[in-house]
Amino acid sequence: QVQLVESGGGLVQPGGSLRLSCAASGSIFAWNRMDWYRQAPGQQRELVAAITTSDSTVYGDSVKGRFTISRDNAKNTVYLQMNSLKPEDTAVYYCNAHIKKVAGGPDYSYWGQGTQVTVSS
């Protein structure tokens with residue numbers, strides 16, 4: 001079994017910064033693509049950022065230039081550095097990891113439990 005645990009959310013004023021972490025544990029042979037999503041009340045879940053094994057990154061248009069995704073393979077952890085936060089960034093943030101349990105096996109998708117980010121003065 002694989003578990004993802006997010007941390008780092010909280011309340012921050014507009015213009016502030018937060019750093020989210022997502023740590024994986026369990027039967028992990030290798031990471032593949034790792035993503036951060038967010039979901040605001042009454043809204044669909046949207047992709048915030050993604051990072052591949054070659055460290056290629058993709059960002060949603062609304063966060064480009066403000067958020068940075070990174071990963072530490074040795075710690076099985078993905079990070080999301082969020083700067084210049086805006087009230088519209090308020091949402092529950094989820095990490096999604098695509099993981100191989102064995103060499104040559106398929107990728108399995110796992111989700112964390114989510115961490116609340118609230119941007120408000």
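With which side chain does the side chain of D107 make a polar contact at 3.1 Å? The partner is the side chain of K100. Keep in mind that this is a predicted model.

**The chain as a whole**
- A compact globule of 121 residues would have a radius of gyration near 14 Å, and the chain agrees because its own value is 14 Å.
- Along the principal axes, the C-alpha atoms fill a box of roughly 50 × 25 × 25 Å.

- Buried residues make up 40% of the 121 in the chain.
- The accessible surface is about 6,200 Å², and carbon and sulfur atoms account for 47% of that.
- Among contacts with a separation of 6 or more, 55% are between residues 24 or more positions apart.

**A closer look at D107**
- You can find D107 in strand β10, which covers residues 107–111.
- D107 counts as partly exposed because its relative accessible area is 33%, a value between the 20% and 50% cut-offs.
- Leaving aside residues up to four places away in sequence, D107 touches N32, H98, I99 and K100.
- N32 is 75 residues from D107 in sequence, yet their C-alpha atoms are 7.5 Å apart in space.
- The side chains of D107 and N32 are joined by a polar contact of 2.5 Å.

How values were computed. Residues are numbered from 1 along each chain as its sequence is written. This is a predicted model: local features need pLDDT of at least 70, side-chain atom pairs count only at pLDDT 80 or more; totals for chains, interfaces and linings use all residues. Side-chain values use heavy atoms; hydrogens and water are left out. The radius of gyration is taken over C-alpha atoms; the globule rule is 2.2 Å times the number of residues to the power 0.38. Buried means under 20% relative accessible area, exposed over 50%, partly exposed in between (1.4 Å probe, protein chains only). Contact means heavy atoms within 4.5 Å. Accessible areas come from the Shrake-Rupley method with a 1.4 Å probe; for residues, only the protein chains shown count as cover. Helices (H or I, at least four residues) and strands (E, at least two) are DSSP runs, numbered from the N terminus. A polar contact is a pair of N or O atoms within 3.5 Å; within protein, one must be able to donate a hydrogen and the other to accept it, and residues adjacent in sequence count only if both atoms are side-chain atoms.
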